[in-house]
Each structure stands twice: as C-alpha cells, then as structure tokens.
Amino acid sequence: MRPESIEAMLPFLSEHPGNPSGSHGAARAAKTALEEARETVAGVLGCSPNELVFTGGGTEADNLAIKGGARAARRRAGLDGVVTTAFEHKGVLAAAHRLEAEGFRVAETSVTAQGMVDLDDLARRLDGSTALVSVMAVNNEIGTIQPLPEVGALVRRLAPQALLHTDAVQAVPWVDVSLLAAGWDFVAISGHKFGGPKGVGALVIRGGVPVDPEIEGGGQERGIRAGTVNVAGVVALATALRITHDRREMETARIARLRDRLRDELLRAIPDAFVNGAPDRQTAGHLHLGFPGVESEALLVMLDDRGVYAAAGSSCSSGATEISHVLAAMGMEKDAATASIRLSLGYASTDSDVAAAVAAIPRAVAQLRTPVRT
Amino acid sequence: MSGGERLRVLVAMSGGVDSSVAAALMRDQGHDVTGVTLKLWGGESDSGCCSVSDVEDARRVAAQLDLPHYVFNFAEDFNANVVDPYVADYASGRTPNPCVECNRSLKWGRLLNRARSMGFDALVTGHHARITRDGSGRAELRRGEDPAKDQSYVLAVLGQEELAMTLLPVGEMTKADVRVHATRLGLRTAAKAESMDVCFITRGGRNAFLDARVPAAPGPIVDGDGAVVGAHDGVRGFTVGQRRGLAVAAGERRYVIDVDAATATVTLGDRRDLLRGGIALSRVTSTGASIADGTTVLAQVRAHGESHPAVWHGDHIEWVEPQPRVAPGQIVALYEGDRVLGSAIVV
C-alpha cells in the first residue's frame, strides 16, 4: 500500500471508530470522512458523488453491475441479452454465467491474437434485446488497453437499450478512466490495484440507471449495497486513488522506461523469448513473455527463490496455476501459454528490481532448458 | 547424499501427517527445503487427497515450518496417466492400482524430472519405507520401520535412478512416532485421519465414478459349471478373489474366480477353485540389478498383504505353495528379506 493511504486509514481504526450510519457525535467524523472520500473518488472517475457506491472489492462491484443491471433491465424492459468478452476477469465471467443459468442469452465476444476485443465479432453479438455489455478497460494478464470509446459507440448504435459496464480494476494506475470510459453506465474499481487496501472497491452507477441490489439490509449506499461501510478502507482507497491520479503521468513514464529496459535486456539475453500482446496498446506496467521449452510453473518457483515475483495464468483457490483463459482466448497454443509468464511493474518498482529480474530470469531459463542427467 | 551434506530438497507435501513430518525432519537436519503439493484432481466436490483443504493443510504446515511452498498443477497428466487407465482397466475386467501408477508416472515421473531440472538434489516424500545404500553406493529400497504401515509395496515400481534421488525420512519411524513428532512440533496435521481410499473417488463411490465414464453392462453370475446363479449390473463391481457382496445364496463360502468383461460374466467358485500355482507377469521393473531366473523371492500381491515365497522366471513366478488367484492388473512386489527387488503387473 502507499504510505499515505495507510496513514489516512489509521484514524478510522483508532480515534474515529464511529459508524457513519449513526446519528450520534461519534458517527459524524466517520460520515464526513466517508462523504469526502466519495467526492474524491467521484472526481477522479468523472461521476457525481451520488453516482458512486462503495463495495467489498472489484469482484463485488462487477457482480453488482452485471447481475443487478441485467436483472433490472429484464424486469423493467424485458431485455435478455448479455454480451461480454472471452478474456474478462473471472468476476465478470462468473456473473455472466450466473445470468445464463437464469435464462439470459450470454455471448462472449472473441479477442484477437494481440489481446484486443474483436469489434467485428462484438457487432455481430449485439441486438435490440441486449440488456448489458461488459468489456474490461485493461486486461489483467496481458495488459492491453481496450478501445472503450469505439465499443461504446458500437453498442449505442446496435444495442441502444444496453447498459455499458467496464471492469476497470486494472486500468486505474495506467489510464484516466474518466476519459476512457466516459459515459459508461458502470465502472468498477478495486483499492489494492493502485496502492490502496484489499477488500474495498467502488462502482460508478451512472445517474438513474436501475440496479437490483445484491446485498440487502439497512439501506446503506442508497439501498444499492447494504451493510456498514468500511470507512477506513474507503478513506484509504480514496487517498490512494487521488495520489495515483495526480502522479499518473510521471509514474507511468518512469515505469515504462523500467519495463522497456527489462524487456530489451531479457530479449537480448534470451534471443528466442517472445513477447505476448500488442506492445503499442499495452500499459506501462505489463510485460508478458514466453520462453520456448520452459514450464512457467517451474520457472516461477525458481524466480521466487531469487526474489523475483512473476505470475502465470491466474490462481485458483487451491493455489494451483490454471492454464490462462486469457491466453487461450487469444488463440495461443498450449505450449506457448504454459511457457509464458507475466512480469508486472508498478509505482513501487525500482531499477534494482529490474536488475534482479534481468540477472535471475536468463539463468533460471537456461537451467530449466539444460537436459537433466539421470 | 551422505550425512552432513546440506541438500536442496523438494518435499512432496500431501497435506497429511507423514509428509508434514518428513518436511520438518529435513528442515531440522539442516537441509534447504521447499514444499510442493500436487494438484492432481479438480472439481468442486473434490474431497479426496490433494483437494483444496489438503492443499491448504500443506500450505499451513509449510508456513508453520517457515518453508516456501508451491502447488504444481499436474491434473492433466494425472487424468491421462492414472484416471483414464484406471477406468479402462475396470472396463476390461482388470483391477488396477492407481496409487502405484501415480507414483510411477507423476511423483517419480513428472515431479522428479521437474525437481531435477530445477536443480534440486533430492525428492522427499512421507512414505513409510526406507532407502539404504549397499557397499557400492547403490540405493536399496526396504520395508519401513513400522511393519503395519509399510508402504514399500507402492514404491516397488521405482528404479535405481529414482531411488538414488529419493529420501524417505519417516520410513525410519513408526506411525506412532510420526504422530508424536508432529504433536511436539505443533503441526496442524498431527491428528489428521489417514486417507484410505483412492483419492479421486469421492462421494458416489467407485461404481458411480466408473459408470459416469463407461456405461456398465449387466450380465450373469455363473458357477464353475456354467450354471447361472445370479445377475450383476456391471463387472466393475467385482474383483478376482472377492467374497463380500456376492448377491447369491450358497451353502459354502463363494469367491469370484473369474471376471470376463467381454461377455460380462462373473464366475464363482470355492476357495480351491481360486488356488493357482503361479502368476503370469507383465511390465517387470527392478530396483537395481535384474533378478536371476530361478531365484526364490518373496512375492506380495496387495499393499498390506503377506508375502509368500515364489520362484522367479522372468515373465512369471511359480508359488512354492499354491496361492489364491490374483486379479489381473494388480501389482506384484518382489522382495528378498525386507529389500524390494522389483515389481510387475499381473497379466
């Protein structure tokens, strides 16, 4: 977490423990902080404070928008189509599959080999009964920034009644979401992806868009998301978001230089390594590389031992690595997918991190490629 | 791998008490220990070994011991090398031993190869068996210290290459000692129940598992003379030598003496009909040098059964005293004293 974010949340764990829904004096400080945080987040995301709902993270925000938005649209207007993409986060795909089980027509738009949503395929899947379209802002594995303005224009033309949702969880550090997703009905973010805490997120719900709540109870968050608000978490999220936004240009330029150096040096040391995704559409912090003949599962262990934290696929609850559905959606062969790893950089990345990775990865790759003596 | 040397070892941690203690012992002997749990079988209803909760137990034990811990997803290989052959064997009237095949192709196959390529010096498991060295430094597989818990049978398929890179620290202990040690270390798995069943067979039981993959064909249960004495709903419920669960009324004890998948026929007989003078063998392996023709060995035909003397003839053994027929597909482990010589599969 960003130090400023930790500092901002501490008073709401100690001297201001009040419940913002309360009416007594102790509640006031919490209520004030909550509403100030809401204004901050709304300002960065380009919505008004009353268009913002705080949640327990990005997955909850995605579920609320997709299920709540689609169910309300079916109830009110009889719409029954849900269109998403094949390489969304599991929080989006699982919500869409739930709707499918409830009788919605669900379509997953294909993606290109470069990791971009296929707009022609998307167009074919839209119709006048489409209730909701969900396209992520930045893919979490491959780091490609999706053309949301083009997606939005296409949807407004071919499916004029459809609500637009974007899972922008990965996007916040890299792009101005208020511009990329301007006018979208739902925008989901998550605190821990930009230096805030885990377990707290937010959802933009554009004015007047009806949403069936997922969690019901005491009417908090205008009845859309019941439950006592995590004031400390929200304050920390808002602080981290504000800093991330203010420093975005400076930080992304610095991170891009680190990433380019990391990529160039690794490609020099491992000439047959291949880069996945579309370099001109990727964020500054993503580098996705493959090493032919190497099993990423073994490589990650060796890198971990050397203090380099990389990833492959996405983790399931058991901690096992599953073949990435993102790489599969991009049409990547299984051998190339299992030979690939994701190196992520962020605001905390340093020159010495890059140096450590440049020292460790070629050595580990070479060792794994050495035929074993038996 | 003589005493005192600091080794980089990979401990296969199943989430049970034996492999937990194996990891602890290696750590306390001063080795550089990494824990790994294999994800072999998936699915929401997964409740066998290597299920999510067992992975979690292994992870928590590793954390308690301050060891790095990883999960390797070998589910695809497990399916191809263990589950599919298991289903195919039952469908053809054979009785496979999936634990042995998992050891052969997964733990001492893909995992050992990966450990080698990652630069580990040894693979460690929590099996109750011992590996000793002969005068020339060759590895010898022996029965574990605790006769009741000995698992050398399921390791009998290993060869010299595998044994030379394997350490089995709990094989030197009794199970009771293992639990005492785990309790002393405060390991969360100290009192955990032992896994008894095939790990990928869950709630519905074996027949339901098999029927979901290969439709069962009903057929007759016949007596030795061919007279039909009953009916069954699929040969997968029967194993040569089986006595229980035969839905036929008979005066004396009846055994399954043959299972013929092609005609879906189960044949019963009495104990005398079951006796055989020897066993035809396939897929012979040896832990070291091959066994000389004519050698008298001790043959064990089930994981915790007794061993009986037999004469080795390369592609078959001859019992010294006739023994009950062993189901095709079963593993025969061959011993000299407490030392494992090799293994074979019953034809």
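In this predicted model, the C-alpha centres of domain 1 and domain 3 of chain B lie 27 Å apart. Their contact (two residues are in contact if their C-beta atoms, placed from the backbone, lie within 7 Å) takes six residues from domain 1 of chain B and five residues from domain 3 of chain B. The side of domain 1 of chain B that touches domain 3 of chain B has two nonpolar, two polar and two charged residues. Here Ala, Val, Leu, Ile, Met, Phe, Trp, Tyr, Cys and Pro count as nonpolar, Asp, Glu, Lys and Arg as charged, and the others, Gly among them, as polar.

The domain bounds, which come from an automatic or database domain assignment, are as follows.

| Domain | Residues |
|---|---|
| Domain 1 of chain A | 3–246 |
| Domain 2 of chain A | 248–369 |
| Domain 1 of chain B | 8–126 + 168–184 |
| Domain 2 of chain B | 216–269 |
| Domain 3 of chain B | 275–346 |

Residues are numbered from 1 along each chain as its sequence is written, and chains are lettered from A in the order in which they are written. Local features need pLDDT of at least 70 and side-chain atom pairs count only at pLDDT 80 or more, whereas totals for chains, interfaces and linings use all residues.

In chain A, 28 Å separate the C-alpha centres of domain 1 and domain 2. The contact takes 20 residues from domain 1 of chain A and 22 residues from domain 2 of chain A.

Chain B holds an open sheet of five strands in the order β3-β2-β1-β4-β7, with parallel pairing. Strands are DSSP runs of E with at least two residues, helices are runs of H or I with at least four, and both are numbered from the N terminus; two strands pair if DSSP finds at least two bridges between them. Because β3 (69–73) and β7 (166–167) of chain B stand at the edges, each with a single partner strand, one side of each is left without a neighbour in the sheet. Strands β1 (residues 8–12) and β2 (residues 32–39) of chain B are joined by five bridges, and Val9(B) has Val33(B) as its bridge partner.

In chain A, β2 (residues 81–85) and β3 (residues 105–109) pair in the parallel sense over five bridges, with Ala107(A) as the bridge partner of Val83(A). Three bridges join β2(A) to the parallel strand β4 (residues 130–134) of chain A, where Thr130(A) stands opposite Gly81(A).
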